[in-house]
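Here's a quick tour for anyone meeting this structure for the first time. Have a look at the model, then read on.

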Amino acid sequence: MNDHRQWAREAIRIIEADFQRSADTHLIPLPLPGFPEVELYFKDESSHPTGSLKHRLARSLFLYALCNGWLRPGAPVIEASSGSTAISEAYFARLLGLPFIAVVPATTSQEKIAQIAFYGGQSHLVNDPTQLYAESERLARETGGHFMDQFTYAERATDWRANNNIAESIFTQMRFERHPEPAWLISSPGTGGTTATLGRYVRYRQHATRVLCADAERSVFFDSYTSGDRSLLLDCGSRIEGIGRPRVEASFLPQVIDAMIKVPDALSLAAMHYLAERLGRRVGGSSGTNLIGALMAARQMRAAGEEGSIVAILCDGGDRYATTYYDQDWLVAQGYQLPGLIAAVTACVERGEALPETVLRAGI
């Protein structure tokens, strides 16, 4: 066995040992008084060692790269990210003793940049979010490193059939609930990899469960889903960190999604604040987007006379947004007026009232 093969074998052992030291994430019920026929659960991915859903993805990406022979001892790992994937990849790079460079938008929260640094990574800030990919490729060429490219490889690096992916975990944890087979799974798209895993798994296991993808305002995923056009581009980045993209990523698989919505950013942040109040702790903006998706699904179920369960993804914790989404001065400076929207979310959850008509929808 040559030296590189031996190094990769030891690296895989280290990652698998780290996985065995970690417990699964929690499934948290959230009562919906306005929808007594629906039971809502949040899959709390913030309890991973690096604090987000992206911990699963980073582990899969590192294993995929190692098994493909793409990583080398001492060679840097480079990733384009809005922050959370970079935090998780920095963690795994440190486990393997590899340098790590995160190529992130200049608007990324300081809390995320600090966490990348905590795990030994460097942050390379880019003013134009549409240039993250090109800059990552340049750095990989110049340093002799490997561009991990989560947006291309997310859907193929994850073993969607089993191997404790997020879908298998959800169904295992739901098996003793009143409605063990969820009517809907709700996820927002960053790479598109999570919705691809959910959609593939329910088909593979022959579940009747539907998958709803809840997109951000500044993103092309919803528009691509409704038009079928994968060439769509935006000249700006998403304001809900971690989700929404200016181009249609390779990991976005619309064929395994049953419905999509596009949520205005202000409504996502209002739902985030409501959810944080209900849970007694801060959550990220994408969890607010997913709450809106869950409420849309609940309204659809009630209209169809259905009862059952919904599982939505709680993507990350809110402490990394303390100086942005949870700072009132920042919200005002960005033009967000949330009190009325928080009241609307409350009315929907508590009394089943309609959400603002600004939510775009397809298939629901």
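Helices here are DSSP runs of H or I with at least four residues, numbered from the N terminus. Just past the end of one of them, α8, sits Gln206 with a positive phi of about 65°. Keep in mind that this is a predicted model.

Let's stay with α8 for a moment. Is α8 largely enclosed or left open by the rest of the structure? It's largely enclosed, because nine of its twelve residues are buried. Those are Gly193, Thr194, Thr195, Ala196, Thr197, Leu198, Gly199, Tyr201 and Val202.

| Partner of α8 | Residues |
|---|---|
| α6 | 150-157 |
| α7 | 166-173 |
| β7 | 184-187 |
| β8 | 210-216 |

Now for a pair of helices. Two packed helices are described by the angle between their axes and the distance between the axes. For α2 (residues 54-67) and α3 (residues 84-96), the axes come within 8 Å and cross at roughly 50°. That crossing makes α2 oblique to α3, and the crossing is right-handed.

Which residues meet there? From α2 come Lys54, His55, Leu57, Ala58, Arg59, Leu61, Phe62 and Leu66, and they meet Ser84, Thr85, Ser88, Glu89, Tyr91, Phe92, Ala93 and Leu96 of α3. Sorted by class, this contact has nine nonpolar, four polar and three charged residues.

Definitions and conventions: Residues numbered from 1 in each chain as written. Predicted model: local features only at pLDDT ≥ 70, side-chain atom pairs only at ≥ 80, totals over all residues. Heavy atoms only, no water. Axes fitted to C-alpha atoms, helices over the stretch in contact; angles between N-to-C directions. Helix = DSSP H or I, 4+ residues; strand = E, 2+ residues; numbered from the N terminus. Parallel < 35°, antiparallel > 145°, perpendicular 65-115°, else oblique. Left-handed = near helix turned anticlockwise from the far one by under 90°. Contact = heavy atoms within 4.5 Å. Nonpolar A, V, L, I, M, F, W, Y, C, P; charged D, E, K, R; others polar. Buried < 20%, exposed > 50% of the residue type's maximum accessible area, 1.4 Å probe, protein only.
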